[in-house]
Each structure stands twice: as structure tokens, then as C-alpha cells.
Amino acid sequence: MGKVLGVCISEQKGTQKKNVHQAMFIEDWGIENDAHAGKWHRQVSLLSADKINEFRARGAQVDDGAFGENLIVEGFDFRNLPVGTVLKCNDVILEMTQIGKQCHAHCEIYKVMGDCIMPREGVFAKVLHGGMICEGDEMVIVSRG
């Protein structure tokens, strides 16, 4: 079982996301008002809170959403879940579609720290069923890929 610690969006691509604390998830689209929403396989990005905390322990000063993550969740190591894993939070059902991503242009975090965790630790999902997710909500694994 996991716990949502942050819900982040960005209104424009290429900008860091900001924690808005709650958001509406739209079936087969993503998060309302998030620039990365759309009819594709990377509608929502998720990052494990533990991985962010480990990065901060190395001296990085990063705010919620700095890696481009939509959901920060405590209790799961997303990278070790298989593609196809189904997650549920309230009425929202997400299906993991991709683990990691190629980083074409190094982000500001990489330029300062010489590393960024999103390309290897972040995962992506599509919204199978919509609804509201708020900080503090519980997330569960429904099935593993």
C-alpha cells in the first residue's frame, strides 16, 4: 500500500511541475490542466518518494514536481514493478505503460547535480478510470503486469 505525498502539474511543457495538492484525473487523457496530458501512453508520471528523499540526501535542493513527476508516492518502488501493473487510488485506475525515459537535453537538476533520477526511476501510466486524487490518499496495487 502506498500514500500520495504530492500531486503536481505544469501548465506548459518544458517547465517544472508544481504541487497543487489535488487534481482531477481524466480517463484516457491524464491530469486536468497538465501540459503533458493527451491521448498517448505517458499521461501521468509517478516517482517514488524514497528515491526523491535519497536524492535530497545527496545535497540536492529539489521541490515537489522538480523531476517532472505528477504523483509522488510513498511505499512503492515503481521501477521494480512491471509494465502493465494496475494501480488504484480512490476511483482513479492507472496502468503503468513505461519505466524510465530517455533524457534528450539535460535538465537543470542534472546540470547542478550531475544526475537526474527521473530517466531511470520515474514511471508512466495511462488513466483507465478518472476521478480525484489528493495528497494523503491511499494507493494500492490491483494487479502486477
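Visitor: Which residues touch the most other members of the largest nonpolar core?

Guide: This is a predicted model, in which local features need pLDDT of at least 70 and side-chain atom pairs count only at pLDDT 80 or more, while totals for chains, interfaces and linings use all residues. Residues are numbered from 1 along each chain as its sequence is written, and side-chain values use heavy atoms, with hydrogens and water left out. A nonpolar core is a set of buried (under 20% relative accessible area, 1.4 Å probe, protein chains only) Ala, Val, Leu, Ile, Met, Phe, Trp, Tyr and Cys residues joined through side-chain atoms within 4.5 Å. Of the 23 residues in the largest such core, those touching the most other members are Phe 25, Leu 46, Leu 71, Phe 78, Leu 94 and Met 139.

Visitor: Which residue of strand 11 is the bridge partner of Leu 87?

Guide: Strands are DSSP runs of E with at least two residues, numbered from the N terminus, and two of them pair if DSSP finds at least two bridges between them. Strand 7 and strand 11 run antiparallel and are joined by three bridges. Within strand 11, the partner of Leu 87 is Ile 141.

Visitor: What is the order of the open sheet of three strands?

Guide: Strand 3 (residues 22–26) pairs with strand 10 in the antiparallel sense over four bridges, and Met 24 has Met 132 of strand 10 as its bridge partner. Strand 4 (30–31) and strand 10 (131–134) are the edge strands, each pairing on one side only. The sheet, with antiparallel pairing, has the order 4-3-10.

Methods:
Buried < 20%, exposed > 50% of the residue type's maximum accessible area, 1.4 Å probe, protein only.
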